[in-house]
Amino acid sequence: MQDGEPLEMNPELSAILAWAQSADRGQPLLIEASAGTGKTTALVLLHQALERRGRTVLTLTYSQKGQARWLELYRREVCRDLTPQAAQQLCNTLDEFAVRCLRDHARDKRWQAGSLGRAIVDDDRPLLAMRQAVARVNAYLPERGVEPLRGDEESLLQWLELVDHLKAGLVFAQPPFAGFDSDLADDYDLENLQFALERLGLPPWAFSLFNEYEKCRESIDFLCHGDAAFDLAHEPEAVAQGLRARGVDVVLLDEFHDTKAVHFEIVRALAAAGCAVAAVGDRGQDIFQWRGIAPFSAFDEFLRHWPDAQRLPLSLTHRFGNPLGKAIAGLLQRVNPACAALRCRAGLHTGVKRLTVAGDAQPAAIARLIGDGMQAGAAGETFAVIVPQGPQAFPVMLALFRAGIAYRCDRIAPLHESREARLLRACVLLQGWVDVEHNALDCKALLQFAAGPRAGLDEDEREALSTLLAERVAGERLPRYIPGQVPLALRMLGERQSPIGCGVAALHGWLARHGIREWLASMAPTVVAARASSQALDELVALLAQEGPTAFLALLDALAAQFQRGNVGFASKVVLTSILHCKGNEWPHVILPGAPSAAQLAQADLPTLREQYVAMSRARQMLWLLASA
Ligand SMILES: Nc1ncnc2c1ncn2[C@@H]1O[C@H](COP(=O)(O)OP(=O)(O)OP(=O)(O)O)[C@@H](O)[C@H]1O
């Protein structure tokens, strides 16, 4: 539905709004519905219906994006001039809610009111705590025969992400981890612990690092994303007080499919505090199943805890019509056979075109499709290209750039800022193949290289290099880069480089010598993401060898310039994003490169099917599926 079009009331939506009365009796509500059926819209309307009955309602979303979408719909349907302060009272992310409850009601009140909000966006403190934790763990890992952990910034971020997953899944809240006391543990207990870690696919140091990080975090008094929910899950009284202080008596939960164990503990605390709870989600959109380490279904937990919950569907999609509706309904039957059959609104038509195009010809085909559409009058921002993994958008960026089509990246790295491109840029600089005026991208490239496992620098040298190339300014989240220091940095690093030629084989040799491919793979959240990064590296190596170093760097600089150019309005740019980050959005024209062929889809596993379902269900007018076979 476009802005200004009226909402259609139907019996399913009416039933959901009628829950506003059941909420008085505290009966929980679970709405399971598929993509585009108006889940978020229904929550907005339910919020309004409850307010009209004099209830004080808080909507919680899982992500900031979900919050923005909810507020956008609230502004559209309920109150156009909602102030930011009023918005804060109506809808929070789970993280925000956790931070507020802890700030004002935590048991031992370690934080001064107000300081927490700043701490959560301060990049330094999590890194500082993790750096200390790594140092502590490294003091005893070698005597257990385990290699010490790396302490560079890139690795610290990686360990922080691991801790975040462990917290999301409450992985160490279960035996044998819960209550484990290393001072009292004998060999049997230690072996049992190691076995449990192995079973979960975790490294042998994961439990030690987790505990040390928690101690360091406590001594620095801060909360990072993930920490707040974890802490609050252990303080149900703070949840109750937080709700009481705001007078909240009904909580609505959007994006429920993304709820993990730690968040579910908070949901339980909300209900225990006397709030009526309604949750809405789509099992088919649970594409973050790898978060939280072990599988977790928020829907099953909800029904286990509240078997008498009212369950309501939404089965009419307002986003797309047939023939796309039919294709998606077919997918849904495999993704979530128990969900209500999907119906499309009368009068809506959404086309689907499956094109067979060789993989390397897909980027040019995409640029042509979008170019033709724009020539016919469509605006750039009505097109979204959704790739399976972020790095798979790099060739599309090049093709759009060459076609003169402006793009923006939604939660994926632009090519010129990607790790893969930075590392090859570092190679060009270190080999002394170009003589150019340096810029911030050069600083980032050398810092990226220096963070690598075989850059030949020790911790002190790495630290010296980062202060040489980047200055941290208090109150600024991003560092200021100092391109004038690149020659000096190159002298520090370059002494350890032996000269190579700029051919494909030599470049691969350089990557292998520096352990770069394995390093990038170790940072990827999934095996599939690691594969995509490796392929992107191969493609960039081929590009560098073909273009030559000067043209390669000039191309990256030109991509950066076009990306930042202010004369192209944000709104007129084509959107590039990945399947993981497209949820909750919709566009008139959606292009899916790297789509599975019909035969591949017939054989696909559940995660692949869910991803296809999420990506395909973003289109309103037209979907193009580009398959290579
Ligand atoms: N009752 C309705 N009548 C008309 N249009 C509607 C109605 N409900 C939702 N829409 C429109 O349908 C589209 C999808 O709505 P919404 O984003 O709420 O769906 P969703 O189920 O939350 O989607 P997703 O599963 O992708 O998160 C939006 O353009 C919205 O304005």
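Q: Where is strand 11, is strand 11 buried or exposed, and which strands pair with strand 11?

A: This is a predicted model. Start with the whole chain. The chain has 27 helices and 17 strands. Its radius of gyration is 26 Å, close to the 25 Å that the globule rule gives for 629 residues, so the chain is as compact as a globular protein of that length. Along the principal axes, the C-alpha atoms fill a box of roughly 75 × 70 × 45 Å. Of the 629 residues, 43% count as buried. Among contacts with a separation of 6 or more, 80% are between residues 24 or more positions apart.

Now the strand itself. Strand 11 covers residues 383-387. Buried here means 20 or more other C-beta atoms within 10 Å.

Next, take the two faces. In a regular strand, side chains alternate between the two faces of the sheet. On one side of strand 11 sit Phe383, Val385 and Val387.

Then the partners. Strand 16, residues 587-592, runs parallel to strand 11. The two are joined by 3 bridges. Ala384 stands opposite Val590 of strand 16. Strand 15, residues 574-578, also pairs with strand 11 in the parallel sense, over 4 bridges. There, Val385 has Leu576 as its bridge partner.

A "binding site" annotation in the unreviewed UniProt entry covers Ala33, Ser34, Ala35, Gly36, Thr37, Gly38, Lys39 and Thr40. Ser34 lies in the loop between strand 1 (29-33) and helix 2 (39-52). Thr37 is also placed in the loop between strand 1 and helix 2.

Ser34 counts as buried because 27 C-beta neighbours lie inside 10 Å. Thr37 is buried too, with 28 other C-beta atoms within 10 Å. Now look beyond neighbours within four places in sequence. Ser34 is in contact with Asp282, Gly284, Leu332, Cys339 and Leu342. Thr37 touches Leu314, Ser315, Leu316 and Thr317.

Back to strand 11, then.

Terms used: Residues are numbered from 1 along each chain as its sequence is written. UniProt positions are given in the numbering used here, feature names are shortened, and annotations may be inferred rather than shown by experiment. A residue is buried if 20 or more other C-beta atoms lie within 10 Å of its own, exposed if 12 or fewer, and partly exposed in between; C-beta atoms are placed from the backbone. Two residues are in contact if their C-beta atoms, placed from the backbone, lie within 7 Å. The radius of gyration is taken over C-alpha atoms; the globule rule is 2.2 Å times the number of residues to the power 0.38. Two strands pair if DSSP finds at least two bridges between them.
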